[in-house]
Amino acid sequence: MSTDLVTYELKGDVALIGLNRPDKRNALNEATVTALGEAIDKAGDEAAAAVLFGHGKVFSAGLDLAELAARLDPDAPFPRRRPRQLWHETFDRIARGYIPVVAAVHGAVVGGGLELAAAAHIRVADETAFFGLPEGQRGIFVGGGGSVRVQRIIGYPTMADMMLTGRLYSAREAVEIRLAQYVVPPGEAVAKAVELAQKIAKNSQNTNWMITNVLPRMNDMSHDDGLFMEHLNSAAKKPPSSLERLTSFLDKKAEPLKQPE
Ligand code: 1HE
């Protein structure tokens with residue numbers, strides 16, 4: 001990476017991407033979001049799945065409020081050009097990029113930190129994690145795609161409650177509102193996320209791409225268009241590995257599906 005604000009490590013097929021501003025609780029300033037985008041692109045080029053986590057006490061305290069305050073200073077120069085939507089662009093490269101991303105979260109997952117976690121495809125929370133949208137208390141609004149992405153996950157009533165009352169959700173409560181899919185003991189989120197990412201990496205990459213890129217778009221379509229889109233994708237030419245996978249099942253060589261305990 002061009003900075004040390006984000007760490008990057010490739011372990012087999014899985015890229016580990018870590019927010020690395022622990023002294024500022026991984027508050028997201030422009031440089032960190034830019035470095036995150038670079039890490040995501042690198043992972044998309046060389047990994048089959050990625051894990052996104054935060055170094056230090058928390059996953060992320062959200063938008064860097066000091067950076068925003070400096071921008072709101074009445075004496076700050078008006079930007080010469082309208083800034084590009086760095087957050088939207090970067091978070092979309094996670095949500096609709098080349099590979100599935102599992103977020104491993106702990107401690108604060110708030111504001112833009114929650115918007116970032118929501119851009120991942122699966123969230124693993126350890127028991128220290130708490131989720132919130134304190135924008136109302138800070139006099140600002142969601143700006144990292146949360147109005148679309150978080151609202152789609154938890155629905156308007158829950159999001160309105162979180163934003164209006166400042167309600168925080170624990171890791172276990174987060175599962176009930178679908179913000180998290182797994183809860184693990186403190187300190188175990190990254191290990192669980194890596195285990196999931198390794199499983200994901202074994203799938204057909206073509207199917208993974210459809211799950212991360214086609215399915216979410218269907219949410220934006222009518223019933224009829226959704227079914228048509230499904231037909232286009234299920235009938236599309238498949239990579240040679242699909243036939244190998246089918247044959248492996250038919251030859252009784254595939255790992256059997258087991259009833260959960
Ligand atoms: C920060 C930030 C930040 C911490 N921007 N500097 N986000 C929030 O409203 C959450 C604000 N942060 C907190 O509520 C707390 O910091 C935490 C609960 C996350 C962690 O508490 P704690 O006791 O572990 O840490 P701390 O002592 O509060 O913070 C440590 C340092 O990080 C301190 O700086 P220092 O120089 O005094 O050591 C804090 O100022 C700094 N810090 N959070 C800047 N967010 C695109 S729209 C998205 C809109 C939003 O994200 S709104 C939500 C913003």
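Tutor: Let's start with the rings: the count comes to 1 aromatic pair, where rings of Phe, Tyr and Trp (its six-membered ring) pair if their centres lie within 6.5 Å. The partners are Trp 87 and Phe 91, at 5.3 Å centre to centre with 45° between the planes, which makes the pair tilted; planes under 30 degrees apart would be stacked, over 60 edge-to-face, and the rest are tilted. Both residues sit in helix α3 (residues 86-95), 4 residues apart, so about one helical turn separates them. Helices here are DSSP runs of H or I with at least four residues, strands are runs of E with at least two, and both are numbered from the N terminus. Trp 87 is buried at a relative accessible area of 13%, and Phe 91 is buried too, at 0%; buried means under 20%, exposed over 50%, partly exposed in between, with a 1.4 Å probe and protein chains only.

Keep in mind that this is a predicted model: local features need pLDDT of at least 70, side-chain atom pairs count only at pLDDT 80 or more, and totals for chains, interfaces and linings use all residues. Residues are numbered from 1 along each chain as its sequence is written, and side-chain values use heavy atoms, leaving out hydrogens and water.

Now the ligand. Its shell holds 25 residues, with Lys 24, Arg 25, Ala 61, Gly 112 and Arg 138 the closest; to belong, a residue needs a heavy atom within 4 Å of the molecule. By type, the shell divides into 12 nonpolar, 5 polar and 8 charged residues: Ala, Val, Leu, Ile, Met, Phe, Trp, Tyr, Cys and Pro count as nonpolar, Asp, Glu, Lys and Arg as charged, and the others, Gly among them, as polar. For polar contacts (N or O atoms within 3.5 Å), a polar side-chain atom of Arg 25 is 2.8 Å from a ligand oxygen, and a polar backbone atom of Leu 63 is 2.8 Å from a ligand oxygen. Elements giving two or more residues to this shell are α2 (65-72), β5 (108-110), α4 (112-119) and α5 (135-138).

That brings us to β5's sheet, an open one of 3 strands in the order β5-β7-β8, with mixed pairing; strands pair if DSSP finds at least two bridges between them. β5 and β8 (169-170) are at the edges with a single partner strand each, so one side of each has no neighbour in the sheet. β5 runs parallel to β7 (residues 130-132) over 3 bridges, and Val 110 stands opposite Gly 132 in β7.

Technical notes
Polar contact = N/O pair within 3.5 Å; in protein donor to acceptor, adjacent residues only side chain to side chain.
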